[in-house]
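The following briefing covers strand pairing, the nonpolar core, the ligand shell and selected individual residues.

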Amino acid sequence: MDLFSSQIDPNKNWLPFDGTVNYHGSIMDFDVANSFYEKLLHNIAWKNDVAIIYGKRIETKRKVAWYGDQPFEYTYSKNTKKALPWTKELLELKQLVERSSGETYNSCLLNLYHTGEEGMAWHSDAEKDLKKDDAIGSLSFGAERKFSFKHKKTKDKVNLLLEHGSLLVMKGSTQTHWLHRLPPTKVIHKPRINLTFRTIELS
Ligand SMILES: O=C(O)CCC(=O)C(=O)O
Ligand SMILES: [Fe+2]
C-alpha cells in the first residue's frame, strides 16, 4: 500500500448523482499485488476476445477470460462464453473483494491489456443475465490507468486513476445511468489486468 492509500475514503461516492462508485485504493500490500499479477498473467486461460463491429467480426488485441461458480454462459457482442471453474488465486481474490466491498459475487470477467494502446470503449454492464443494480467489484493489477464515467443523458464526466492492487465498486443505478470506459493511451507500455466480479442470475 502506498503512503496515500490511507487517505482514500472508500465510502466517498465519486458519482454526483444516479449511481454509486466507491474507490478503495489498493486493498493489499504491494508485494502481494505483484505476486497476484504474475500468477494471473501465467495461470489464466487468456483468449482474444471477439467483437462484432458494424457487422464485422473483429478479434480484439485485449485478452479476456471468464470464470464462475457454475459453467455460466455469458453473451455479449453476439459471442457466448462458458465460465471456467475458479482457480485458487481467483477464489482468494473473490473473498478479498467480497470482504472489502461487503457484497457477494458468483463470477468474474478478466481483461488483459498488453499496453496502453489497448482499452475498452464506452459501455455499461447491464447484460440480461447480470443481476440488475447489483454491485460489480473491479480489481486492477499492473499499469495504472485512467478510468472514466459518462452520464448517458447529461454527459457529465468523472475520471479516476486505478492503481495496482486497487478495488473500484460500481453499484446502485450506476449501470442504468452511466457509461464507463478505459481510454487508450500512448504513454503506457506495460500490461494491466482487470478483474470484474459480478453476479449472474439465471432465469
Ligand atoms: O478494465 C477495466 O477497468 C474495466 C473493464 C470493464 O469495464 C468490463 O470488463 O466491463
Ligand atoms: Fe464494464
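Strand β9 (residues 136-142) and β14 run antiparallel and are joined by six bridges; strands here are DSSP runs (E, at least two residues) numbered from the N terminus, and two strands pair if DSSP finds at least two bridges between them. This is a predicted model, in which local features need pLDDT of at least 70 and side-chain atom pairs count only at pLDDT 80 or more, while totals for chains, interfaces and linings use all residues. Residues are numbered from 1 along each chain as its sequence is written, and chains are lettered from A and ligands numbered from 1 in the order in which they are written.

- Strand β14 is largely enclosed by the rest of the structure because six of its seven residues are buried (a residue is buried if 20 or more other C-beta atoms, placed from the backbone, lie within 10 Å of its own, exposed if 12 or fewer, and partly exposed in between).

**Nonpolar core**

- The largest nonpolar core has 35 residues; such a core is a set of buried Ala, Val, Leu, Ile, Met, Phe, Trp, Tyr and Cys residues joined through C-beta atoms within 7 Å.
- The residues with the most contacts inside this core are Leu93, Val97, Cys108, Leu167, Leu168, Leu195 and Phe197.
- Apart from neighbours within four places in sequence, Leu93 is in contact with Phe36, Leu139 and Leu195 (contact requires C-beta atoms, placed from the backbone, within 7 Å).
- In soluble globular proteins, nonpolar side chains tend to be buried together.

**Shell around ligand 1**

- Ligand 1 is surrounded by Leu109, Asn111, Met120, Asp125, Ser138, Phe147, His180, Leu182, Asn194 and Thr196 (a residue is near a molecule if its C-beta atom, placed from the backbone, lies within 6 Å of it).
- Two or more residues of the shell come from each of β7 (107-113), β13 (178-182) and β14 (192-198).
- The shell divides into four nonpolar, five polar and one charged residue; Ala, Val, Leu, Ile, Met, Phe, Trp, Tyr, Cys and Pro count as nonpolar, Asp, Glu, Lys and Arg as charged, and the others, Gly among them, as polar.

**Four-stranded open sheet**

- An open sheet is formed by four strands in the order β8-β13-β10-β11, with antiparallel pairing.
- Its edge strands, β8 (120-123) and β11 (157-162), each pair on one side only.
- On average, neighbouring strands of this sheet are turned by 15 degrees against each other, direction ignored (axes are lines fitted to C-alpha atoms, and angles run from 0 to 180 degrees between N-to-C directions).
- Six bridges link strand β10 (residues 145-151) to β11 in the antiparallel sense, and Phe147 stands opposite Leu160 in β11.

**Individual residues**

- Glu59 belongs to strand β3 (residues 56-68) and is exposed, with 10 other C-beta atoms within 10 Å.
- Glu59 and Asn48 are 11 residues apart in sequence and 6.3 Å apart in space, C-alpha to C-alpha.
- Asp133, in the loop between β8 and β9, has a phi near 60 degrees, a positive value in a residue other than glycine. Asp133 counts as partly exposed because it has 14 C-beta neighbours inside 10 Å.
- Lys155, in the loop between β10 and β11, has a positive phi of about 65 degrees although it is not a glycine. Lys155 is exposed, with 8 other C-beta atoms within 10 Å.

Notes. Contact = placed C-beta atoms within 7 Å.
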